[in-house]
Amino acid sequence: MSPNHATTERAAGTHGEMEGHGSKRSYLIGFGLSAILTAIPFWLVMANPLGNDGATAALVIVFAVVQILVHTVCFLHVNTQSEGGWTMVAYIFTGVILLITIAGSLWIMYHLNTNMMPGMMTEQVSQTP
Amino acid sequence: MTTKATSKPKAAPRKKKIAAAAATVSADPTFYLIEADDHHHPTGGATLLGFWIYLMSDALLFAAIFATFGVLGTSYAGGPTPREIFELPLVALNTAILLVSSITYGFGMLAMEQGKAKLTQTWLLITGLLGASFVGIELYEFGKLIAEGATPQTSGFLSAFFTLVGTHGLHVTFGIIWIVVMLVQVQKRGLIPENKRRLLCLSMFWHFLDVVWIGVFTFVYLLGMLR
């Protein structure tokens with residue numbers, strides 16, 4: 001990553017503007033990795049070579065997370081140096097909030113659904129003295 | 001007479017300011033160094049960081065819609081299930097188009113760095129056309145779903161589906177409009193620093209939409225087909 005960063009710095013110096021764009025190499029690496037990381041999950045779901053929906057789903061999610069990270073580094077150029085590290089801080093903060101929002105909603109609503117089941121309601125009513 | 005009257009009080013504080021600045025310089029020269037530094041780097045850096053913060057808040061908007069889809073994604077209300085209505089080959093094509101448009105925009109950025117305005121415009125145009133075909137295919141898919149009776153009113157799953165995918169499609173549409181605006185801007189004024197800054201913001205916007213699409217095709221389409 002260090003030679004990449006050197007070129008970015010030089011480019012930023014030439015036009016007196018901020019950095020924030022990568023080299024051709026980083027774009028091509030990002031594109032190649034993304035193509036692979038997209039093709040495999042589609043193949044996993046369409047051809048179903050595993051024959052196990054749970055395992056396929058888990059793998060697909062792993063590939064998505066890895067691809068999001070590849071895009072972040074290769075295309076969005078988030079690193080510890082850009083904008084004095086503030087883009088990365090904002091990115092990590094957003095990631096945490098995002099996880100809390102999505103996982104929290106699913107967790108709460110799943111339990112709400114379970115507790116609102118008709119059978120569950122009568123059980124709880126009968127338990128109360 | 002009136003102009004003189006208005007300009008006079010303006011001039012007086014300026015003089016005072018200069019005098020005050022001169023006094024500060026003799027006392028603390030570092031004050032002037034900071035001023036000079038500020039002058040060299042206009043709002044460019046702050047704009048990029050600010051735009052990044054906007055994108056992060058946009059990510060939170062998508063997080064809310066993703067959470068809604070996650071909660072309502074299995075509420076079919078007797079309507080069609082994902083397995084019955086999704087066409088993965090079409091989604092794969094759309095994913096490929098958006099991924100290729102990401103790298104064509106990247107090449108546009110590299111051309112911009114080298115100061116090649118024409119080449120930048122060519123890559124921008126290709127990116128815009130790819131984006132337009134993405135939105136076109138998505139609208140075709142929506143039209144087909146609605147013709148089959150899978151309307152947003154049918155079930156919670158379809159309401160959430162149209163909201164999530166539609167919001168992303170709307171973002172791409174606005175990205176295309178922005179690309180057209182930048183094509184005109186570069187044509188009229190060339191690669192001036194302001195245009196470079198705008199193109200960098202648009203670059204982040206465009207790549208960000210591709211990141212959101214990873215979430216869409218994974219959680220809506222691929223995991224939907226497994227349910």
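1. B:Trp178 has 23% relative accessibility and therefore counts as partly exposed. Buried means under 20% relative accessible area, exposed over 50%, and partly exposed in between, with a 1.4 Å probe and protein chains only. B:Phe205, at 5%, counts as buried.

2. The model is predicted: local features need pLDDT of at least 70, side-chain atom pairs count only at pLDDT 80 or more, and totals for chains, interfaces and linings use all residues. Residues are numbered from 1 along each chain as its sequence is written, chains are lettered from A and ligands numbered from 1 in the order written, and side-chain values use heavy atoms, without hydrogens or water.

3. Over all chains there are 22 aromatic pairs. The ring centres of B:Trp178 and B:Phe205 are 5.7 Å apart with planes at 55°, so this pair is tilted. It joins distant parts of the chain, 27 residues apart: B:Trp178 lies in helix α7 (residues 156-189) and B:Phe205 in helix α8 (residues 193-226) of chain B. Rings of Phe, Tyr and Trp (its six-membered ring) pair if their centres lie within 6.5 Å; planes under 30 degrees apart count as stacked, over 60 as edge-to-face and the rest as tilted. Helices are DSSP runs (H or I, at least four residues), numbered from the N terminus.

4. Ring pairs also link a cluster whose members include B:Phe69, B:Tyr76, B:Trp213 and B:Tyr221.

5. The charged end of A:Lys24 sits over the ring of B:Phe107, 5.6 Å from its centre (NZ of Lys or CZ of Arg within 6 Å of the ring centre and within 35 degrees of the ring normal).

Conventions:
Helix = DSSP H or I, 4+ residues; strand = E, 2+ residues; numbered from the N terminus.
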